[in-house]
Amino acid sequence: MTSIFLLMTVAISQLIIAVGPSELLRIGAIDVDGYFSVHPTELASVSSDFGMLKSPEEPLAVLHPSSAEDVARLVRTAYGSATAFPISARGHGHSINGQAVAGRNGVVVEMNHGVTGTPEPLIRPDEMYVDVWGGELWVDVLRKTVEYGLAPKSWTDYLYLTVGGTLSNAGISGQAFHHGPQISNVLEMDVVTGKGEVMRCSEEENTKLFHGVLGGLGQLGIITRARISLEPAPQRVRWIRVLYSSFEVFTEDQEYLISMHGQLKFDYVEGFVIVDEGLVNNWRSSFFSPRNPVKISSVSSNGSVLYCLEITKNYHDSDSETVDQEVEILMKKLNFIPTSVFTTDLQYVDFLDRVHKAELKLRSKNLWEVPHPWLNLFVPKSRISDFDKGVFKGILGNKTSGPILIYPMNKDKWDERSSAVTPDEEVFYLVALLRSALTDGEETQKLEYLKDQNRRILEFCELAKINVKQYLPHHATQEEWVAHFGDKWDRFRSLKAEFDPRHILATGQRIFQNPSLSLFPPSSPSSSAASW
C-alpha cells in the first residue's frame, strides 16, 4: 500500500504541474467502471510503439476502460478543462512513428480487450455481421466468427492488431483488390468524439462522422464498437508462389489477376521483391522448402532482383477435386518462370495467421523488439515501373533487412468519402518496405542507414514527380499533411473542428497543433451512448 501511495503521489504531482489543481481534481473524480493506472511498468509499456523510432514519452496515466462511457468520461474531462490534455487510444501499439503516444502531459486509453471486461464479440449469423469492441484483436474476431462458419471479408497480413487501429488507417491485405480495404466492410460504429460524446454512426446516421473516422488516423474520435460485414468462411486454402525475373511481366500478371471478379478468380493477390539471395528463403519466404532453396542466379536474367507472386484459392473440403481444375485454368494465363512454382494447402485460419508464426521465430532470436523503420507507399500504376528502376534496382542496392511487399489494388473498391488517401489512378500499388534495424549487424542493417534510405526513396519520388501517398503516414509539418490529404484536406480540417475542436485526440500524429492553452473551457456535452 505504501508503494502505491508513493506512486499516486508522484503522479498527482505531475498532474498538478501539467494541468493545474482544479483539473487534477476533475481527473481524480472521474467515475469509471474500468481503472486508471500510474504504475511505472504500465507507463513505460505505452511510452513507445512497434517502430521504436522515437524517444519514449511516458504519459501521466493509463486508462483501462470497460465501456465506451468510460472513454467518454475521460474525454469530457479533458474537453471541459481549462487546459485540455491530450488523449491517445492505443490498441496493439503497432504504429511506427509514435502515433499512439500521448506525450508527457497526456493519458493513454489502453483499448486492448480482456483486461476490464469490455464487451465480447456479438455475432449475428442471420444478418451476416459481428459487433466487436474497438480494442478487439482481429485474430480473436476470426476465432469467434469461424465457430459460426463465418469470417470478415478483408484482412491485414498480421492479425494481432486491433479493430479500431486498422479501421483508423484502412486495413489492407491481398483481399483488398476484390473486397476493398477493411474500412470498406464496416456497417456501423460507436465513436467517442473529441467532445466526449458517444455517437452511433453509419451510412444512414451521422454519416459525416462515419466516413471521416474510417481512415481518419484517430483524429475525429475513438472507435469503441464496429459492426463488421461477414461472409461464409472457407475451410482450406491453396497457397501458391511463383517467381518472375521481369518486373513488367510480373506487374502485368498482377494487374490481370485483380481485374477478375467472377467466380473463377484467385481470392488473394500479393507479391514481394527479392533484392538479395539471402532474403528469398528468409522468415517471410519460409514457404520455400529448405531442401530445395531458390537460387537467384538460377532463375534471374539480371542476377540481382526477383519478383514473387503470391496467390491463393479458397475452397471447402468438398471442393478438393474441382480446386485443382480451377487453379490450373487460372495459372495458364500467367507468365511466371515455369520451374519456380511452389504450392501448399492449409487451413484457412492457419493461412490468415501465417505471419504470427514468423513473429514467434523472431522473438525467440531477440529480433522482434528492435527498431522498425518501415516505409509504406501507395504508388500509382503509371509510375510503378519508374519506381522499380529507381528504388528496387537502384537505391536498395543488393541488400535489405526485411521483406518488401508489392501488390496492386482497385481504387473503385475504396470509398472516396472516407478519410483514407490514395493516388488518383484506377489502379495503384502498395509498396511496403518492412525492414528491421540491428545494432550489431552490417552497415546496411543499421537504423540510421535505413532511415536515410527511406529519405532517399521519398526524395527520389519527389524529384521524379511520382505522386506517392504514404500509408500509415508520417509527416513533419502541417504543409506536408495538407499535401498528403490533397483535395480531402479542407473537409478533414472541417471535421476536426466539428468533432475535436480542442485537438485532444491522437496528438501523436502531429497533424494539428494543439490550441488548448489559449482556449477557455467550453460547456460539457451530454452523452448519447449507444447500446450494443
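**Entry 1: a cavity**

I began with the lining of the second largest cavity: ten nonpolar residues, five polar and no charged ones. The model I am reading is predicted. I looked up the volume of this second largest cavity and got about 110 Å³. Its lining is made up of 15 residues, and those closest to the centre are Asn169, Ala420, Val421, Gln470 and Pro473. I then asked how many cavities of 30 Å³ or more the structure holds. The count is four.

**Entry 2: salt bridges**

Next I went through the charged pairs. The structure has 34 salt bridges. I picked out a few.

I took Arg354 and Asp157 to start. Their side chains form a salt bridge at 3.0 Å, N to O. Where do Arg354 and Asp157 sit in the chain? I found Arg354 in helix α13, residues 354–364. Asp157 lies in the loop between β7 (150–152) and α6 (163–167). The two are 197 residues apart, so I noted the pair as a link between distant parts of the chain. I also checked burial: Arg354 and Asp157 are both buried.

Then I turned to Asp452 and Arg455. Their salt bridge has an N to O distance of 2.4 Å. Both belong to helix α15, residues 447–463, and because they are three residues apart there, about one helical turn separates them.

Lys496 and Asp500 are both buried.

I also noted a network. Salt bridges with shared partners connect Asp131, Glu188, Asp190, Arg200, Arg225 and Arg227.

**Entry 3: a sheet**

I finished with an open sheet of four strands. I read its order as β1-β2-β4-β3, and the pairing is mixed.

I followed β1 to its neighbour. β1 and β2 (residues 61–64) run antiparallel, and three bridges join them. I looked up Phe36 and found that its bridge partner in β2 is Leu63.

Note on methods: Residues are numbered from 1 along each chain as its sequence is written. This is a predicted model: local features need pLDDT of at least 70, side-chain atom pairs count only at pLDDT 80 or more; totals for chains, interfaces and linings use all residues. Side-chain values use heavy atoms; hydrogens and water are left out. Two strands pair if DSSP finds at least two bridges between them. On a 1 Å grid over the protein atoms alone, a cavity is a set of points where a 1.4 Å probe fits but cannot get out, and a pocket is an open set with protein on both sides within 12 Å along at least five of seven lines; lining residues have an atom within 4 Å of a point. Grid points are joined across faces, edges and corners, and a volume is the space filled by probe spheres set on the points. Ala, Val, Leu, Ile, Met, Phe, Trp, Tyr, Cys and Pro count as nonpolar, Asp, Glu, Lys and Arg as charged, and the others, Gly among them, as polar. A salt bridge is a side-chain nitrogen of Lys or Arg within 4 Å of a carboxyl oxygen of Asp or Glu. Buried means under 20% relative accessible area, exposed over 50%, partly exposed in between (1.4 Å probe, protein chains only).
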